[in-house]
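Open the model in your viewer and keep the selection panel at hand. We will go stop by stop.

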Amino acid sequence: MGVFARFFDRLRESDETRLSAEIGGWAETIAGAVKIADAPLRESVKIAGVIKRMTVFPMEGKESLEALVSDGSGEAVVVFMGRRGISGLTLGTRVVVEGVLGEQRGTLKMINPHLELSV
């Protein structure tokens with residue numbers, strides 16, 4: 001009966017829940033990475049996750065690219081100042097970013113982190 005129960009649990013599971021579990025499992029395999037929910041503020045930290053949203057602010061002299069990274073435990077916005085785009089960085093891309101996390105108006109942000117695209 002355990003096999004059938006697991007099967008039906010899996011059918012009732014939402015796509016978002018399944019995706020979060022998959023991303024979290026992958027993020028745990030990255031050496032030195034911490035979960036976003038457990039990441040300390042104002043310290044250098046490495047997080048791994050998937051790009052869920054990207055926004056470009058094209059103001060002259062203040063342009064920036066913001067990407068929302070999710071690892072299944074939480075979300076953080078990574079900001080690349082002076083950039084309108086980064087080759088290979090698209091929605092759904094798995095990334096590893098390293099930098100200092102801060103909080104601004106209840107949102108975790110990392111400014112100009114070291115970026116590593118993962119396959």
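Two strands pair if DSSP finds at least two bridges between them. Strands (E, at least two residues) are DSSP runs, numbered from the N terminus. This is a predicted model: local features need pLDDT of at least 70, side-chain atom pairs count only at pLDDT 80 or more, and totals for chains, interfaces and linings use all residues. Residues are numbered from 1 along each chain as its sequence is written, and side-chain values use heavy atoms, with hydrogens and water left out.

**Stop 1: strands 1 and 2.** Select residues 44-57, which form strand 1. Seven bridges tie strand 1 to strand 2, and the two run antiparallel. Pick Met54: Ala67 of strand 2 stands opposite. Now go to the hairpin of these strands, with six residues between them. Gly61 there has a positive phi near 85°.

**Stop 2: strand 2 itself.** Select residues 64-70.

**Stop 3: strand 3.** Glu66 has Val79 as its bridge partner. The hairpin of strands 2 and 3 has four residues between the strands, and Gly72 takes a positive phi near 90°.

**Stop 4: Lys109.** Jump to strand 5, residues 107-111, and select Lys109. Lys109 counts as buried because its relative accessible area is 19%. Its side chain makes a polar contact (N or O atoms within 3.5 Å, one able to donate a hydrogen and the other to accept it; residues adjacent in sequence count only if both atoms are side-chain atoms) with the side chain of Gln104, at 3.1 Å. Show its contacts (heavy atoms within 4.5 Å). Beyond neighbours within four places in sequence, they include Glu66, Val79 and Leu101.

**Stop 5: the core.** A nonpolar core is a set of buried Ala, Val, Leu, Ile, Met, Phe, Trp, Tyr and Cys residues joined through side-chain atoms within 4.5 Å. The largest has 18 residues; Ile47, Val78, Leu89, Leu101 and Met110 touch the most other members. Strands 1, 2, 3, 4 (94-104) and 5 each give two or more residues to this core. Finish on a second, separate core of five residues, including Trp26 and Val96.

Notes:
Buried means under 20% relative accessible area, exposed over 50%, partly exposed in between (1.4 Å probe, protein chains only).
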